[in-house]
Each structure stands twice: as C-alpha cells, then as structure tokens.
Amino acid sequence: MPNSLRPAALVLAALVLTGCGADVTPQSDGKDDSAKADRHYPVTVENCGEKKSYDRAPQRVVTNDVGITEIMFALGLEDHMAGYVMPDDKGDMTSVPWKDGYKKTTWLSKERINKELVLGARADLVFAGWNYGFNEGEGFTPAELKRVGVDSYLLSESCRNGQGKARGVMPPLEALYTDLGNLGRIFDVEERADTLVASFRKQVADAQAKAPKGSDRPRVFLYDDGKDKPLTSGAYAGPHDIITKAGGDHIMKDLQDSWTTVGWETVVDRDPEVIVINNYGDTSAEQKRTFLKSYKPLANVSAIKNDRIVVLDYVDLVESPRNPAAISSLAADLRKSAP
C-alpha cells in the first residue's frame with residue numbers, strides 16, 4: 001500500500017470538504033455577523049471532563065502536531081490561528097483537501113512546542129493534548145499556560161482516564177466527532193462541523209459495509225516503533241477504531257489506554273494475521289518492515305509468514321480528519337490481502 005492516502009480516498013475527502021467549506025453560510029455585513037455572534041455566545045463545552053466557557057471565539061490559536069492542525073483546517077478555521085507546530089516527518093501535506101490551510105497559516109516551529117513559543121505567537125488558546133504537546137516533565141501543561149493567561153483545549157483522544165497517566169475516555173472516532181462538535185460551538189461554525197461529522201459517519205458506514213466480517217476478520221496488530229518493546233495502540237487510540245471498522249480484529253483491544261508499549265511475547269501469543277505499520281519519524285516504514293521480517297521471535301507469526309504488512313501514515317492513525325479515509329483504505333487492503 002502507498003504511504004499516502006489513495007486517490008479515491010482523496011477524491012472522497014475532497015467532496016466532503018466541498019460540502020462543508022468556508023461558504024456553508026451566506027455572507028452578511030459586519031453588523032449581521034456581530035449580532036449573530038452576540039446571540040451565539042457565551043457557549044460552554046465539556047473537554048476531558050472539564051466544563052469550559054467561551055465569551056467569544058479565540059482569535060490566535062496555536063496547534064500542536066499534524067492531526068490537531070488538520071482538524072482546524074477541516075473546519076475552515078485558518079483565520080483563527082496564529083500558527084502550528086510540528087516536525088517535518090509527518091508525510092505529504094500538498095495533496096490533502098485542506099492543503100490551502102498550510103499555505104495560509106504560519107509554521108511556527110519544527111521543534112517541540114513550549115511556553116515561550118506560545119507567548120511569542122501571542123496565542124489566546126493552545127490546541128494540543130497529553131503527550132501531543134502537553135507534558136508535565138517539560139513543564140508545559142494547561143495549568144502553566146493558564147497561569148500566564150493562555151487557554152487550552154485538549155485533544156479528546158488524549159484525555160486521561162484517572163488510571164495514572166493512561167489516556168482514553170471514549171472510542172477513538174467519537175473523540176474525533178466530539179472535538180469537531182465542540183470546536184464548531186466554540187468558533188460558531190456548528191453547521192460546518194455537523195456536515196463534516198455526518199459525512200465522516202457515512203464514509204465509515206460505507207467502508208464497514210464492504211469490510212470483512214465474521215470469521216473472515218483477520219487479527220491485526222498496529223506496530224508504531226520500538227525493538228525491545230513495541231509501541232502500539234490500545235482501545236483508545238485511533239488505530240483501534242480504524243482496524244475494527246475496516247474489518248479487522250484488533251489484537252490489543254483489551255488494553256485500556258491509547259498509545260502504549262507491550263511485550264513481543266504478547267504479540268507472538270496473539271498471532272496477528274496482518275501488521276499495520278505507522279509510517280513516520282526517523283525510521284522509515286521500509287526499515288520497520290525489514291526489522292519485523294528479520295526479528296526471529298516473530299518468524300512464525302502469521303503476518304510475517306504470509307507477508308501481510310500494510311503501511312498507513314501517522315496522520316491517518318492519530319485523531320485527525322483523515323481517519324475515515326484511512327478506514328476505507330485499510331478495509332480495501334484487508335479484502336485484497338486475504339488468503
């Protein structure tokens with residue numbers, strides 16, 4: 001499978017965006033817009049268990065990472081952004097339906113997001129998540145930003161669930177839909193958000209209708225990285241829903257966490273029939289494939305014996321508006337690679 005989204009998936013996603021672009025609502029004069037905003041605000045949403053109220057739409061949002069940034073772009077909110085932070089290892093940005101968002105918005109840094117960068121951008125809100133930018137070890141937290149007068153919105157996939165630092169409080173796709181709905185209310189683009197969510201739900205349902213079922217569902221393992229211990233997806237990271245909706249049986253579905261490490265012995269015991277590689281970072285997808293095929297403990301695993309390895313890009317697998325297209329893509333791969 002190619003490392004970027006298939007053309008058909010891009011066309012479908014483009015159609016989705018056409019149906020919910022910046023011209024969803026008629027243009028009006030400034031007075032009408034002001035009156036409409038006055039009627040809309042204040043609004044309150046629930047984000048990771050916390051009620052958050054807004055008297056107006058944030059005007060200088062800084063986003064961290066590609067999936068979070070593209071959620072804003074998919075909602076047509078470039079004009080509300082001060083910029084985005086992400087490394088340059090996150091794949092092709094020129095062929096996605098919302099590629100113009102990247103042209104219109106400042107790439108603030110390819111390094112890790114931090115308080116100094118946020119203050120330098122004069123941000124009024126940071127859209128990030130736990131381990132998607134926020135990290136107590138580095139002193140970059142919503143609490144610290146609040147102390148200096150900057151609000152935060154947490155990526156719902158990254159919500160902590162009260163079990164230590166384990167993350168995940170809802171199914172991964174519901175996290176995407178929740179964030180789209182919340183941001184629709186916060187930025188007064190609810191119609192656009194609702195249209196996008198409805199289109200995504202239909203795209204997922206269409207993929208499910210064609211996906212393998214019953215005994216034809218292959219056991220699937222998500223391999224992110226790592227040699228001593230593999231980093232993988234539990235039940236609350238994007239790959240769980242992507243694999244399941246695409247017609248696979250996610251072998252790590254019992255892990256009540258999002259992204260986490262496991263032992264290779266667990267992978268061997270569960271004998272995946274398909275391995276999905278997360279393509280990003282300094283180690284290429286081909287290097288990851290070579291490692292998996294040469295790692296002796298995996299030699300008798302079905303996916304290795306039958307060479308059933310699929311590659312998806314990082315942004316397909318973290319919470320992002322590319323998730324539904326990734327489901328369609330993986331469903332086609334699972335059908336095609338069936339024995």
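Okay, let's start with a term: a residue is buried when its relative accessible area is under 20%, exposed when it is over 50%, and partly exposed in between, using a 1.4 Å probe and protein chains only. One more, for the numbering: helices are DSSP runs of H or I with at least four residues, strands are runs of E with at least two, and both are numbered from the N terminus.

Now, what are we looking at? This is a predicted model, where local features need pLDDT of at least 70, side-chain atom pairs count only at pLDDT 80 or more, and totals for chains, interfaces and linings use all residues. Residues are numbered from 1 along each chain as its sequence is written, and side-chain values use heavy atoms, with hydrogens and water left out.

The overview goes like this: 14 helices and 14 strands, and 339 residues, of which 53% count as buried. Contact here means heavy atoms within 4.5 Å. Take the contacts between residues at least 6 apart in sequence, and 69% of them join residues at least 24 apart.

Let's begin at strand 6, residues 125–130. How many of its residues are buried? Six of six, so to speak a mostly covered strand. On pairing, two strands pair if DSSP finds at least two bridges between them. Strand 6 pairs with strand 3 in the parallel sense over three bridges, and there T63 stands opposite F127. With strand 8, residues 151–154, strand 6 makes four bridges, again in the parallel sense, and L125 faces D151 there. Then there's strand 7, residues 133–134, which runs parallel to strand 6 and is joined to it by two bridges; W130 has F134 as its bridge partner.

While we're at W130, look at its ring. A charge sits over a ring if NZ of Lys or CZ of Arg is within 6 Å of the ring centre and within 35 degrees of the ring normal. R160 lies over the face of W130, 3.9 Å from the ring centre. There's also K110, whose charged end sits over the ring of W107 at 4.8 Å from its centre.

Back to strand 3, residues 61–64, and N64 in it. N64 has a relative accessible area of 10%, so it is buried. What does its side chain reach? The backbone oxygen of Y132, at 2.6 Å. That's a polar contact, meaning a pair of N or O atoms within 3.5 Å; within protein, one must be able to donate a hydrogen and the other to accept it, and residues adjacent in sequence count only if both atoms are side-chain atoms. Leaving aside neighbours within four places in sequence, the contacts of N64 are V85, I113, F127, A128, Y132 and G133.

Just after the helix, G76 takes a positive phi of about 70°.

Strand 13, residues 274–279, runs parallel to strand 14 and is joined to it by five bridges, with I277 and V311 as bridge partners.

Last stop: aromatics. Rings of Phe, Tyr and Trp (its six-membered ring) pair if their centres lie within 6.5 Å; planes under 30 degrees apart count as stacked, over 60 as edge-to-face and the rest as tilted. The structure holds 14 aromatic pairs. One of them is Y223 with W264, tilted, 5.9 Å centre to centre with 35° between the planes. Y223 is in strand 9 and W264 in helix 10, 41 residues apart, and both are buried. F221, Y223, W264, F291 and Y295 form one aromatic cluster.
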